[in-house]
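Hi everyone, thanks for coming. Have a look at the model on the screen, and then I'll walk you through a strand and a pair of helices.

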Amino acid sequence: MGLFIVFEGIDGSGKTTQAKKLYHYLKEKNLKTVLTKEPGGTEEGKKIREILLNKDYSIPPIAELLLYEADRSIHINNFVKPKLNNNFIVISDRYIYSTLAYQHFGRGIERRIIDFLNSITTGDLIPDIVFLFDIPVEESLRRLNRFEKDRIEKESIDFHKKLREGFLKLAKENEEIFYLIDATKSIEDIFRDIKNILNIRFNI
Ligand code: Z5A
């Protein structure tokens, strides 16, 4: 079995930057590694992602949840599990904890519904480690202000605060796999922390 590494956090927390750096670092060490993401980690999922992030569409919360879960079912069963079975290190930018943060803590959909959908789409696949990028909402939005905002990033500051608190609750619930990253640090300092943690935990 390979290693399943997940990066989570609110928009603009810097996780995509670090996921890419880690991917290149592990490839340079000649380790079998893939970098993927949710939503949109497969060809089919890219179509779902286009619907989800289109700012001109109006999608009710339940439909949004089902689209994220449809993307996940395809991604995990067609891509992630086969790679793990082939001893790859799989780095995923977002996973089930994003659905709990955004659709439960953010949108208020009942937790048991999301737990159930996460369970059936993944067959209860739990990551080996989750890096949670924690950052004050004002700072993450300041970083994103330089770009055109998509549908979700246009949500209010209060919504993003709920997401941040939700992610921190999930970290407490899953202490054995979550590592909290102080995402206000510099890109190089964060990367050093991540390499250290992976070295101590998995000797890579
Ligand atoms: N979503 C959901 O609702 N439910 C689900 O189940 C799932 C997802 C799976 C996916 O968007 C959206 O889907 C997301 C959640 C929702 N909501 N939104 N919007 P996405 O994949 O397009 O984007 P994202 O995941 O939110 O990532 P992002 O916006 O690209 O942000 P990021 O990955 O956290 O940050 P970044 O791209 O690495 O960095 C952002 C900027 O900050 C960039 O200019 C960097 O150069 C800069 N940066 C990065 N690190 C630093 C540090 N350390 N210091 C200073 N500046 C930095």
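Let's start with β3: I89, I91 and D93 point one way from this strand, V90 and S92 point the other way, and all are buried. Buried here means under 20% relative accessible area, using a 1.4 Å probe and protein chains only. So 5 of the 5 residues of β3, residues 89-93, are buried, and that's why the strand is largely enclosed by the rest of the structure. Strands are DSSP runs of E with at least two residues, helices are runs of H or I with at least four, and both are numbered from the N terminus.

Quick note on the model: it's predicted, so local features need pLDDT of at least 70, side-chain atom pairs count only at pLDDT 80 or more, and totals for chains, interfaces and linings use all residues. Residues are numbered from 1 along each chain as its sequence is written, and side-chain values use heavy atoms, leaving out hydrogens and water.

Now the helices. α3, residues 61-85, and α5, residues 111-122, pack at about 25 degrees, with axes 8 Å apart. Axes are lines fitted to C-alpha atoms over the stretch in contact, and angles run from 0 to 180 degrees between N-to-C directions. The two are therefore roughly parallel, which means an angle under 35 degrees.

Methods. Buried < 20%, exposed > 50% of the residue type's maximum accessible area, 1.4 Å probe, protein only. Parallel < 35°, antiparallel > 145°, perpendicular 65-115°, else oblique.
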